[in-house]
Amino acid sequence: MKNWLQMKIWFALIVFALPAAAQPLGAGVKVGLPLTDPFHVQPFPTFAAFSAEARPYTIGLYVELRLPLELALEADALYRGYDFSNASIGASGRSWEFPVVVKHKLLVGPVRPYFEAGLSFQHLSDIRSVSVNHNSNCGIVAGGGLELRL
């Protein structure tokens, strides 16, 4: 009886593991150029002008679980740096974004266009000498791009 139960367990593990093995996992590096500026500095009547600038790139790592029907579930950890300054002080900060998206790939081949949508969580860190209203946000994300498979 014990052997029969063990055989059933092994059979169930193999049957349920086969579809999971057919869904490969992908990982890699992302580099991007944002289309919008995350900061809009309002004019404020002071003796010193205030400015905020973002680095012109975003870089990070991603992990992707490929699903049937040309779909994928992707999670990213993205970094972007910022500089703040006025006449008397200069400061810098870091933005970490963690989007979790569903991705749909449109074509088959080495170059694959895709679009994606999901949620993103953002955290500003290492901001000293400058006050911000809040350090963490969450929002909706939509995007697209090209996947190059080597």
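Okay, let's start with what gets called a helix or a strand here: both are DSSP runs, numbered from the N terminus, with helices being H or I and at least four residues, and strands being E and at least two. On that basis, this chain has one helix and seven strands. Starting at the N terminus, the order is α-β-β-β-β-β-β-β.

Quick housekeeping. This is a predicted model, where local features need pLDDT of at least 70 and side-chain atom pairs count only at pLDDT 80 or more, while totals for chains, interfaces and linings use all residues. Residues are numbered from 1 along each chain as its sequence is written, and side-chain values use heavy atoms, with hydrogens and water left out.

Now the chain as a whole. Out of 150 residues, 21% are buried; buried means under 20% relative accessible area, exposed means over 50%, and partly exposed is in between, using a 1.4 Å probe and protein chains only. As for contacts (heavy atoms within 4.5 Å), take those with a separation of 6 or more: 59% of them join residues 24 or more positions apart.

Let's zoom in on two residues. Is Ser 125 buried or exposed? Ser 125 has a relative accessible area of 18%, so it counts as buried. You'll find Ser 125 in strand β6, residues 111-125. Arg 94 is 31 residues away along the chain, yet the two C-alpha atoms are separated by 5.2 Å. Beyond its neighbours within four places in sequence, Ser 125 is in contact with Gly 93, Arg 94 and Trp 96.

Then there's Gly 144, in strand β7, residues 136-148. Its relative accessibility is 54%, so Gly 144 is exposed. Not counting residues up to four places away in sequence, Gly 144 touches Tyr 114 and Phe 115.

Last stop, the largest pocket. A pocket is an open set of points on a 1 Å grid over the protein atoms alone, where a 1.4 Å probe fits, with protein on both sides within 12 Å along at least five of seven lines; lining residues have an atom within 4 Å of a point. The largest one holds about 1,200 Å³ of space, a volume filled by probe spheres set on the points, which are joined across faces, edges and corners. It has 42 lining residues, and the closest to its centre are Lys 30, Gly 32, Thr 58, Leu 78 and Glu 116. Which element gives the largest share of the lining? That's β7, with twelve residues.
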